[in-house]
Amino acid sequence: MAGLRVIWPDAKPSEEVMKTVEDLKQEGNFTEEELERLKLYLMSVEYNPGYMEDAVLLHESNPQYSVEEFYQFILDN
């Protein structure tokens, strides 16, 4: 996938990524597994808060696609 980066085993998510994941956790619409997968995904791409907000809204309207899938689609277009 274009734009993906290597995540080193000792890598830590940025404060912005952690805040986003924590905010989504508070909403209660995602499982722990989904949040962990999303956190790792956001660590591997260039993070954009506006794209994230759009991806979450799209996922809530179309739950058959993950937030990561929508985020990647937005990044690619």
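Tyr 51 is partly exposed in this predicted model. Its relative accessibility is 31%. That value falls between the 20% limit for buried residues and the 50% limit for exposed ones. Tyr 71, in contrast, is buried, with a relative accessible area of 0%. The two rings form an aromatic pair. Their centres lie 6.3 Å apart, and 70° separates the planes. The arrangement is edge-to-face, because the angle between the planes is over 60 degrees. Tyr 51 belongs to helix α3, residues 49-61. Tyr 71 belongs to helix α4, residues 67-76. The pair therefore ties together parts of the protein that are 20 residues apart in sequence.

Another ring pair joins Tyr 65 and Phe 70. Here the centres are 5.7 Å apart and the planes meet at 75°, so this pair is edge-to-face as well. Tyr 65 is partly exposed, at 43% relative accessibility. Phe 70 is buried, at 11%. The count of aromatic pairs in the protein comes to three. Ring pairs also link Tyr 41 with Tyr 51 and Tyr 71 in a cluster.

Helix α2 covers residues 32-44, 13 residues in total. From its first C-alpha to its last, α2 reaches 19 Å. This is close to the 18 Å expected at 1.5 Å a residue. Residues three or four places apart on an α-helix point the same way, because each turn takes 3.6 residues.

The overall fold is helical. The protein has four helices and zero strands. From the N terminus, the order of elements is α-α-α-α. Of the 77 residues, 32% are buried. Contacts across the sequence were also examined. Among contacts with a separation of 6 or more, 62% involve residues 24 or more positions apart. The accessible surface of the protein comes to about 5400 Å². Carbon and sulfur atoms account for 53% of that surface.

Technical notes
Residues numbered from 1 in each chain as written. Predicted model: local features only at pLDDT ≥ 70, side-chain atom pairs only at ≥ 80, totals over all residues. Heavy atoms only, no water. Helix = DSSP H or I, 4+ residues; strand = E, 2+ residues; numbered from the N terminus. Buried < 20%, exposed > 50% of the residue type's maximum accessible area, 1.4 Å probe, protein only. Contact = heavy atoms within 4.5 Å. Areas by Shrake-Rupley, 256 points an atom, 1.4 Å probe, with all protein chains shown as cover. Phe/Tyr/Trp six-rings, centres within 6.5 Å; stacked < 30°, edge-to-face > 60°. Expected span 1.5 Å × (residues − 1).
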